[in-house]
Amino acid sequence: MRDCLSPHLPRLQASCKRLVWLNPRGGERLRVIAWTCDCRSSVYELCHAGGVAFLRRTRRSDAGTTEHETHRWCLHQGDEVWAALLTGTAR
């Protein structure tokens, strides 16, 4: 493994919460607050836009790149979901 600076997602926990992944809205101004390491085929980002938070997932493969986003939450709840993702209790 390389000397990565960003976190890697751990294995899923048995009681993992399944997130709903939607097509991206696009065209909105957002700020990427945190992200996982890009050495894996799937990269996750915590995004803030207009007072709400959501997660964005980018998957890379030989066929190309696909992006999906979660529902929008208040900032506090978005941060909680991000923490759950990093601990393997949400995906």
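Predicted model: local features only at pLDDT ≥ 70, side-chain atom pairs only at ≥ 80, totals over all residues.
**Entry 1: a charge over a ring**

Then I went looking for cases. The charged end of Arg57 sits over the ring of Trp21, and I got 4.5 Å to the ring's centre. I found Arg72 over the face of Phe54 too, at 3.7 Å from the ring centre.

**Entry 2: rings that pair up**

Since I was already at Trp21, I looked up aromatic pairs next. How many aromatic pairs are there? The count comes to 1. Trp21 and Tyr44 are the partners: their ring centres are 5.9 Å apart and the planes stand at 55°, so I wrote the pair down as tilted. The cut-off matters here, because planes under 30 degrees apart count as stacked and those over 60 as edge-to-face. I then checked where the two residues sit. Trp21 belongs to the segment before strand 1 (31-35), while Tyr44 is in strand 2 (residues 42-49), so the pair ties together parts 23 residues apart in sequence. Are Trp21 and Tyr44 buried or exposed? Both Trp21 and Tyr44 are buried.

Leaving out residues up to four places away in sequence, Tyr44 touches a list of residues including Leu9, Trp21, Trp35, Arg57, Trp82 and Leu85.

**Entry 3: helix 1**

Today I checked the length of helix 1. It has 13 residues (75-87), which at 1.5 Å a residue should span 18 Å; the end C-alpha atoms are 19 Å apart, and that agrees.

Which residues of helix 1 are buried? I found Gly78, Val81, Trp82, Ala84 and Leu85. Looking down the axis of helix 1, I saw these buried residues fall within an arc of 160°, so they line one face of the helix. They pack against strand 1, strand 2, strand 3 (52-61) and strand 5 (73-74). After helix 1 comes Gly88, and its phi is positive, near 85°.

I remembered one thing from class: in soluble globular proteins, nonpolar side chains tend to be buried together. Here the largest nonpolar core has 13 residues, and Leu19, Tyr44, Leu55, Trp82 and Leu85 have the most contacts inside it. Strand 2, strand 3 and helix 1 are the elements that give two or more residues to this core. The largest share, 4 residues, comes from helix 1.

Is Arg72 buried or exposed? Its relative accessible area is 19%, so I put Arg72 down as buried, given that buried means under 20%. Apart from neighbours within four places in sequence, Arg72 is in contact with Arg25, Glu28, Val52, Ala53 and Phe54. Arg72 and Ser61 are 11 residues apart along the chain, and their C-alpha atoms are separated by 27 Å.

Gly50 is in the loop between strand 2 and strand 3. I noted it as exposed, with a relative accessible area of 82%. Between the C-alpha atoms of Gly50 and Arg40, 10 residues apart along the chain, I got 29 Å.

Thr66 lies in strand 4 and is partly exposed, at 40% relative accessible area. Not counting residues up to four places away in sequence, Thr66 touches Arg57, Thr58 and Arg59. Its C-alpha atom is 9.7 Å from that of Pro24, 42 residues away along the chain.

Last, I looked up Ser15, in the segment before strand 1. Ser15 is exposed, with a relative accessible area of 63%.

How values were computed:
Residues numbered from 1 in each chain as written. Heavy atoms only, no water. Phe/Tyr/Trp six-rings, centres within 6.5 Å; stacked < 30°, edge-to-face > 60°. Buried < 20%, exposed > 50% of the residue type's maximum accessible area, 1.4 Å probe, protein only. Lys NZ or Arg CZ within 6 Å of the ring centre and 35° of its normal. Expected span 1.5 Å × (residues − 1). Arc of directions from axis to C-beta. Contact = heavy atoms within 4.5 Å. Core = buried A, V, L, I, M, F, W, Y, C linked by side-chain atoms within 4.5 Å.
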